[in-house]
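Please keep the sequence and the model open beside the text while going through the points.

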Amino acid sequence: MPESPYLSIDLDRVRDDFHTLHTALPGARIRYAVKANPAEPILRLLAAAGAEFDVASPGEIDACTSAAIEGRLLTFGNTIKKPADISRAFSRGVRRFAFDTKDGAAAIAESAPGSSVECRIAPPFPSSVTPFGHKFGCAPAEAVGLLEHARALGLRPEGVCFHVGSQQLDPSAWELGIRCAEPIFAACGDLTTLNVGGGFPLAYATGAPELARITESIAAALQRHLGSHPPQLVVEPGRAIVGSAGTIHCAVVAARTGTDGRRWVYLDIGRYGGLAETENEYIRYRLRTDRDGDPVDDAVLAGPTCDGDDVLYQRYPLPVTLRAGDRVEIADAGAYTASYASASFNGFAPLPTYFAGRPPTRDIVESLAPGLTRTWRLSEVICDARTQFQHLVIGRTEQGVALFSDGERQSTELSQLVYHEALLIPALLLAGKVERVLVIGSGEGVVSQLAVAAGATHVDHVDIDRDAVRMCAEHLPYGYTVDELRSAESGLGPITVHYRDGWSFAAECSARYDVVVVDLPDERPEPVQQNRLYDVDFLRTCRDLGRVVVFQAGCPTLWRNESLRWSWRRFHETFDEVVYFGSDEHEWSFLSGLTETLQGPADPVATMSARLPALRYRPQTIDADSLRACTIPPRTLRESLPPQRYPARTAPPRP
């Protein structure tokens with residue numbers, strides 16, 4: 001079970017809620033409001049079900065693009081947007097925009113010429129739970145003039161849109177909007193679309209009208225005000241599609257009697273962690289606890305941050321027996337939670353999301369080089385979560401279960417042993433006697449396990465991303481099991497896991513190791529957090545800790561060898577002896593730097609070959625021939641150094 005707090009989404013429930021709304025309004029086009037929850041599995045599922053999408057920013061357009069959703073299915077419904085944002089949307093294929101002013105129409109005409117537009121009106125709707133107030137929309141009487149102005153600018157007036165306010169509890173609100181749209185359609189004559197927005201409510205803890213009451217009100221109003229041949233109906237639900245599919249899993253941090261004499265209960269999630277809609281107690285979520293059934297009394301319910309406003313409810317009936325560590329579930333939390341979560345306010349990580357149910361097939365397009373990509377087809381997405389440090393996906397591919405970080409393949413069930421043995425075995429052979437190993441990165445845990453199998457009695461495994469390591473243990477069929485990781489986290493055995501930044505651990509470490517292994521996502525030209533662990537200062541820090549230091553160093557192919565050339569140069573600046581190993585069955589290369597003179601044959605290849613038969617662990621993918629064949633660096637690397645820095649080697653005779 002992941003560490004709380006986290007959000008779980010039932011994709012089957014998302015699918016069911018979409019079909020429920022589609023059945024209730026069979027002729028309507030459903031544009032999902034991406035802001036409610038922009039998670040890629042949700043977007044892909046809804047796209048496969050036939051949805052369109054309402055986007056409010058370039059970021060949401062990017063999210064849809066990442067989910068392989070075409071721009072023609074998107075409507076830029078936010079009336080507040082920069083010209084640059086309009087241009088970017090237009091370049092992505094977006095051809096429909098909302099507006100509510102002449103300036104807005106002019107900006108669209110300038111940056112997205114010829115696009116379709118909807119004019120947003122703002123009738124005096126009854127107040128919703130979280131109303132929009134006067135932020136968006138024009139007076140209905142101004143709409144005809146605005147639409148004709150847009151036409152004169154070369155845009156294509158398509159229709160009228162409105163939004164009754166989020167969590168609208170009065171079904172008559174939609175009837176009011178449709179009634180106000182009637183004279184606009186009569187005056188313009190050629191409008192084709194009426195977009196009645198979202199606002200469809202959930203019951204939460206306070207109740208709400210049934211969806212059927214609202215959809216019946218919409219259908220009746222269309223017939224009454226727009227006749228037997230009404231325009232195309234569009235709805236833009238968000239909460240109604242994903243809200244009931246989500247549950248937040250959290251825990252009690254503390255309970256006490258406050259200085260006001262009232263009982264205070266503190267959760268490990270608050271307003272900044274995803275519960276922003278509790279502001280002014282607008283949304284009153286339903287809570288389930290481990291102690292339901294015990295006597296209850298009102299309590300102040302608060303979040304964990306050092307902010308006085310991080311209070312969810314001033315009075316909420318909770319079991320009087322609640323104690324620190326008790327689990328709490330927050331129901332109907334699939335909408336406006338993860339998308340509202342702060343980016344590490346007070347150092348608290350963003351709210352991770354886990355998915356259950358039947359996801360659609362998914363492609364991950366991995367960038368290899370400028371103009372060159374590789375597509376991974378996932379028949380099943382097992383885990384899709386954003387940790388504080390990366391976007392992690394674990395899915396089933398033709399190469400077995402595979403791990404992806406920020407869109408890059410990290411390991412697959414088919415080839416992971418080839419990779420991990422190529423990383424570790426040459427370094428073990430160069431070190432000879434191996435008792436202590438330091439591993440930085442390599443969150444799957446395979447390298448740590450191989451080191452122990454080879455005779456290491458103490459392995460320090462350092463990884464900055466606790467959530468990622470735990471997800472790997474839970475979902476990958478290789479590396480740590482959940483029980484093995486739990487033992488390693490407690491230091492009960494030869495492996496001890498440290499959830500720390502690798503740089504700071506190495507800088508503060510006073511111990512010595514036989515082998516130091518650094519296994520990170522590949523270095524990139526653009527600034528990313530792992531790049532600093534590739535620089536020469538960190539390499540020198542590792543040199544001071546270990547007899548042999550080995551890095552995943554990059555790819556040897558001509559079209560992707562930039563990071564390998566960087567590593568090659570840095571290693572030769574840091575070590576007198578550098579050994580290359582490029583697996584003949586994998587695309588990655590590894591560099592080992594030696595800080596001590598080899599005992600035995602002076603040639604590293606001869607040393608490794610001589611020591612291989614005595615290695616306690618029997619490699620499955622490396623033999624003596626591999627050691628001879630795979631230790632010759634590519635020509636590009638050999639020619640980048642003066643001859644004295646890379647002398648010619650004579651391979652030892654074959655046995």
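How much space lies in the largest cavity?

1. The largest cavity. About 40 Å³ of space lies in the largest cavity of this model, which is a predicted one. A search of the whole structure for cavities of 30 Å³ or more finds one. The residues that line the largest cavity are V418, F581, S583, D584, T621, I622, S626 and C630, and when this lining is divided by residue type, four residues are nonpolar, three are polar and one is charged.

2. The chain as a whole. The chain has 655 residues, of which 57% count as buried, and it contains 19 helices and 29 strands. Taken along the principal axes, a box of roughly 95 × 65 × 35 Å is filled by the C-alpha atoms.

3. The search of the whole structure finds 18 aromatic pairs. In the pair made by Y32 and F53, the ring centres are 6.4 Å apart and the planes stand at 90 degrees, and because planes over 60 degrees apart count as edge-to-face, this pair is given that name. Y32 belongs to strand β2 (residues 29–33) and F53 to strand β3 (residues 52–55), so the pair ties together parts that are 21 residues apart in sequence. Both Y32 and F53 are buried.

4. A stacked aromatic pair. W174 and F200 also form an aromatic pair, and this one is stacked, with 5.5 Å from centre to centre and 10 degrees between the planes. W174 is found in helix α7 (residues 172–188), while F200 is in the loop between β8 (193–195) and α8 (211–226), so this pair ties together parts that are 26 residues apart in sequence. W174 is buried, and F200 is buried as well.

5. Other aromatic surroundings. One aromatic cluster is formed by W503, Y534, F538, F551, F571 and F575. Elsewhere, charged side chains lie over rings: K81 is over the face of F76, at 5.2 Å from the ring centre, and R120 is over the face of F132, at 5.3 Å from the ring centre.

6. Helix α12. Is helix α12 mostly covered or mostly uncovered? This helix, which spans residues 466–475, is mostly covered, with seven of its 10 residues buried. The buried residues are D467, A468, V469, M471, C472, A473 and H475. They pack against the strands β16 (353–356), β19 (380–386), β20 (391–397) and β21 (400–405), and also against helix α13 (482–489).

7. Helix α11. In helix α11, made of residues 446–453, the residues V446, V447, S448, L450 and A451 are buried. The elements that cover these buried residues include helix α10 (416–431) and the strands β23 (436–441), β24 (458–462), β25 (495–498) and β26 (513–519). After α11 comes G455, a residue whose phi is positive, near 115 degrees.

8. Residue R288. Between R288 and G493, which are 205 residues apart along the chain, the C-alpha atoms are separated by 38 Å.

9. Residue G27. Why does G27 count as exposed? The relative accessibility of G27 is 56%, and because exposed means over 50%, G27 falls into that class. G27 is placed in the loop between α1 (11–24) and β2. Leaving aside residues up to four places away in sequence, G27 touches Q232 and L233. The C-alpha atoms of G27 and G395 are separated by 36 Å, and these two residues are 368 residues apart along the chain.

How values were computed
Residues are numbered from 1 along each chain as its sequence is written. This is a predicted model: local features need pLDDT of at least 70, side-chain atom pairs count only at pLDDT 80 or more; totals for chains, interfaces and linings use all residues. Side-chain values use heavy atoms; hydrogens and water are left out. Rings of Phe, Tyr and Trp (its six-membered ring) pair if their centres lie within 6.5 Å; planes under 30 degrees apart count as stacked, over 60 as edge-to-face and the rest as tilted. Helices (H or I, at least four residues) and strands (E, at least two) are DSSP runs, numbered from the N terminus. Buried means under 20% relative accessible area, exposed over 50%, partly exposed in between (1.4 Å probe, protein chains only). A charge sits over a ring if NZ of Lys or CZ of Arg is within 6 Å of the ring centre and within 35 degrees of the ring normal. On a 1 Å grid over the protein atoms alone, a cavity is a set of points where a 1.4 Å probe fits but cannot get out, and a pocket is an open set with protein on both sides within 12 Å along at least five of seven lines; lining residues have an atom within 4 Å of a point. Grid points are joined across faces, edges and corners, and a volume is the space filled by probe spheres set on the points. Ala, Val, Leu, Ile, Met, Phe, Trp, Tyr, Cys and Pro count as nonpolar, Asp, Glu, Lys and Arg as charged, and the others, Gly among them, as polar. Contact means heavy atoms within 4.5 Å.
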